[in-house]
Amino acid sequence: MKIAESHKCCTIQMKPKIVLLHLILVLFFLTAGCTGVSVTIFPTATPSILQTTKKSTPIFQPSETLEPSPTFPPSPTPIPDSWLTFTDASFHLKFRFPENWQPESPTHYSGPDGYFELTQQTYPASEFDSISTFCILEANQNKAVALGVLPYVTTWQGVDPQMQISLGSGCTITPGGDTLPTPRDQAVLYARYPQPWSRDTLLVLRTDSKHFDSILRTLQFIGSVTPTPHPVNVYDSPACSLPLADPDVKITRTSALTITEYPLVNADCDPMAHFDGFQAHVRSMGLDTFARYSTDLVLRAEEADRLLEPFGYRLVVRQTELGGGNPVLASKQITVLDLYRDDEQLMANINRVGPVSVKASADDFIFWVEDTYNNIPPTEVRRTTLNTINWWETGFNTAWVGSDLIKYEYDMKTHLSPAGAPSQAIVNRNGQPVYSFAISPPGSAGYPIQWLYSWHGHWILEADNSLVEDGELQNSKLGYSEIFNWHPVKDKPFYFYREGNSYGISFDGQALPPHYDDVMHGLLCCDWAAYNINSLSNGAWFYARRAGIWYLVSVLANE
C-alpha cells in the first residue's frame with residue numbers, strides 16, 4: 001500500500017479501537033479496512049503551556065441507545081396474495097403491485113393509495129462507480145417537496161431469491177422527518193442493470209413511499225445471467241503486459257497548469273482485478289510516492305507557518321524512519337512535522353494537516369493536525385487549547401469563516417438509517433444549525449465528508465461527488481453531474497467534474513475541456529486506496545483513462 005496515496009483511508013481505519021467499536025456497536029456501521037502497514041509508536045510530547053481538552057459532549061456516546069426513526073416499520077409488511085405482477089421485457093424486470101392500480105402509461109400505474117413509474121437513464125459506469133451521487137443530489141435538491149425534510153439515502157443490492165445471487169446494485173431515497181409516509185410521499189431507486197445488459201444504463205423506479213419497500217422486495221431482473229466472479233488471488237493478467245499504442249509521456253501546459261500524463265497499461269488491464277499487474281507499471285515509472293507526499297507536507301507547513309506566526313506557533317520539518325514490522329517500509333525515511341509554541345514542543349510526528357482558518361478579529365485560529373502513522377486521533381489546535389477528539393469522531397470538521405465558527409457533525413441520535421448509521425450531516429454556525437445534508441451510509445473508508453473548508457468568507461464541504469458552498473449545491477448550479485476533490489491550490493479553487501460522459505478539471509474558475517473517459521475517484525480503501533486522488537497544495541496526482549489507455553496524471557499549478 002502506498003502511504004502517500006492511501007493516507008486518507010488509513011487515517012480513519014488503521015485504529016484498533018475502531019475495530020473494537022465495530023464489534024461492540026453494530027449501530028455505528030463502520031467496517032475496518034486499511035491493513036498492511038505495521039508501525040512503531042513514536043514518543044509524543046505532552047503539552048504544558050496550553051490547556052488540553054476533551055469534548056464534554058461528544059457526537060456519539062458508546063453508552064447511548066440509538067433508535068431508528070419511526071419512519072421505518074419494525075418488520076417488513078407481508079405481500080398480499082391479491083397483488084398483481086408487472087412484467088416489462090424492455091426494462092428486463094418484473095415486480096408485484098396492488099391490484100387496484102390502473103395503467104396511466106405502459107410504465108406508469110397509479111391508484112387511490114399510490115403509484116409506480118419506470119424510466120431509464122444513460123449514464124456510463126465509472127471504474128469505481130458511485131450511483132449514490134444520483135440519490136444524494138436528488139435527496140438534497142427536493143427536500144420538503146416529495147422526499148421529506150430529512151430524506152434517507154441507502155445503498156441497494158438486488159438479490160435473485162431462486163439463484164441466491166446478487167444482481168444489480170444502486171441506491172434508494174426514502175422520505176424522512178417526523179411524520180409517517182403518505183401516498184403523496186415519493187421514494188426512488190437508482191440501479192445499475194446486471195449482466196448481460198449495458199452497465200451504461202440506469203433503472204429509475206419511483207413509487208409512493210408506503211409501497212416502496214414491498215415493491216422493491218419483489219423486484220427481479222428477468223433474463224439476467226450469473227455474474228462471472230474474478231479469479232480468487234489472481235491479481236495479474238496478460239492484458240497488463242500488452243504494448244501500448246501510444247507509449248509516450250504527454251505534457252500539456254496552460255496559462256495556469258502543467259499536466260503530465262504517464263501512460264501505464266491498456267484499459268483491459270483492470271485496476272481492481274489486476275491490481276498487482278497494474279501497479280507494477282506504476283512502480284516502473286520510478287515516481288517516488290513518499291517524496292511527492294513529503295514535498296507537499298513541507299509546502300503545507302510553510303503556508304500554515306505564515307498564518308500561525310502571529311500567535312507564536314510554528315512547525316518544524318523533520319525526517320524520521322517509519323519503523324515497524326513491514327520489511328519494505330521499516331527503514332523508509334518519511335517527513336513529519338513537530339508543532340511548537342515559542343520554544344515548547346506541543347506535538348510530534350504530524351503527517352496530516354488541514355488549512356489554517358483565522359477568526360476575522362485575529363484573536364483565534366483553528367488548525368487541524370493528525371499523526372496517522374501512530375494512530376493518534378486528529379487534534380484541533382486553537383490559540384489557547386489543544387483538543388484531541390474522541391476516537392470515534394472524524395475531526396477536520398470546524399473552521400472560522402469570518403467571525404463565525406462553522407462546524408459539521410453527523411446526527412448520531414435521530415433520523416438514523418435502519419442499520420443505525422447517521423443519515424444527515426448538520427452544519428452549525430456558532431452552535432446553531434443552519435443546514436442539513438442527506439448523506440449515504442459510511443463505507444469501508446469511513447464517512448462520506450472528509451473536510452470542511454473555509455475559503456474567502458465561504459464554507460465548503462463535499463460528499464459523494466456533491467459540492468455544497470454556504471448551503472447551496474454547486475452541481476446543479478454549475479451543470480455538472482459530479483464534482484469531487486475540491487481543495488484550494490495556491491488559494492484558488494481546484495476540483496474535478498463530470499459533464500456528460502467525460503471528466504475534466506476546473507481551476508480558478510476556468511474549466512478545462514472534458515479530457516478523460518474516466519477518473520478513479522471516491523473514498524477507496526485497502527489495496528485500492530492506492531487509487532485515491534492525491535490532493536496537493538499545488539495540484540493533484542490521479543489515475544485517468546482516455547482512448548483505451550490508463551494514465552497516471554500529475555497536474556500542478558505553474559509558479
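**Figure 1. The salt bridge between Asp364 and Arg382 in the predicted model.** In this predicted model, Asp364 and Arg382 form a salt bridge in which the closest N and O atoms are 2.9 Å apart. Asp364 lies in the loop between strand E18 (357-358) and strand E19 (365-371), while Arg382 lies in the loop between strand E20 (376-381) and strand E21 (385-388), so the pair ties together parts of the chain that are 18 residues apart in sequence. Asp364 is buried, with a relative accessible area of 13%, and Arg382, at 18% relative accessibility, also counts as buried because the cut-off for this class is under 20%.

**Figure 2. The salt bridge between Glu261 and Arg546.** Among the 17 salt bridges that the structure holds, this view shows the one in which the side chains of Glu261 and Arg546 meet at 2.9 Å, N to O. The pair links distant parts of the chain, since Glu261 belongs to strand E13 and Arg546 to strand E36, 285 residues apart. Glu261 is buried, with a relative accessible area of 2%, and Arg546 counts as buried at 16% relative accessibility.

**Figure 3. The salt bridge between Asp343 and Arg314.** The side chains of Asp343 and Arg314 meet in a salt bridge with an N to O distance of 3.8 Å. Asp343 counts as exposed, at 71% relative accessibility, whereas Arg314 is partly exposed, with a relative accessible area of 34%.

Figure 4. Three strands form an open sheet in the order E14-E15-E16, with antiparallel pairing. Strand E14 (313-321) and strand E16 (344-350) stand at the edges, and each has a single partner strand, so one side of each is left without a neighbour in the sheet. From one strand to the next, the twist averages 25°. Strand E15 (residues 333-341) is joined to E16 by four bridges, the two strands running antiparallel, and Arg341 stands opposite Glu344 in E16. Helix H6 (residues 289-308) lies across E14, E15 and E16, and runs at about 10° to E15.

**Figure 5. The nonpolar cores.** The largest nonpolar core has 35 residues, and those with the most contacts inside it are Tyr190, Tyr410, Phe437, Ile449 and Trp459. Helix H3 (residues 132-141) gives the most to this core, with five residues. Not counting residues up to four places away in sequence, Ile449 touches Tyr408, Tyr410, Ala425, Ile439, Leu461, Glu462 and Ala463. A second, separate core of 23 residues includes Leu93, Phe95, Tyr109 and Tyr193. In soluble globular proteins, nonpolar side chains tend to be buried together.

**Figure 6. Helix H5 and the strands that cover its buried residues.** In helix H5 (residues 275-284), the residues Phe275, Gly277, Phe278, Gln279 and Val282 are buried. The elements covering these buried residues include strand E13 (257-266), strand E36 (539-546) and strand E37 (549-557). Just after H5, Gly286 takes a positive phi of about 70°.

**Figure 7. Asp527 and its position relative to Asp276.** Asp527 is found in the loop between strand E34 (518-519) and strand E35 (534-536), where this residue is partly exposed, with a relative accessible area of 40%. Asp527 and Asp276 are 251 residues apart in sequence, and their C-alpha atoms are 9.7 Å apart in space.

Conventions. Residues are numbered from 1 along each chain as its sequence is written. This is a predicted model: local features need pLDDT of at least 70, side-chain atom pairs count only at pLDDT 80 or more; totals for chains, interfaces and linings use all residues. Side-chain values use heavy atoms; hydrogens and water are left out. A nonpolar core is a set of buried Ala, Val, Leu, Ile, Met, Phe, Trp, Tyr and Cys residues joined through side-chain atoms within 4.5 Å. Buried means under 20% relative accessible area, exposed over 50%, partly exposed in between (1.4 Å probe, protein chains only). Contact means heavy atoms within 4.5 Å. Two strands pair if DSSP finds at least two bridges between them. Axes are lines fitted to C-alpha atoms, for helices over the stretch in contact, and angles run from 0 to 180 degrees between N-to-C directions. A salt bridge is a side-chain nitrogen of Lys or Arg within 4 Å of a carboxyl oxygen of Asp or Glu.
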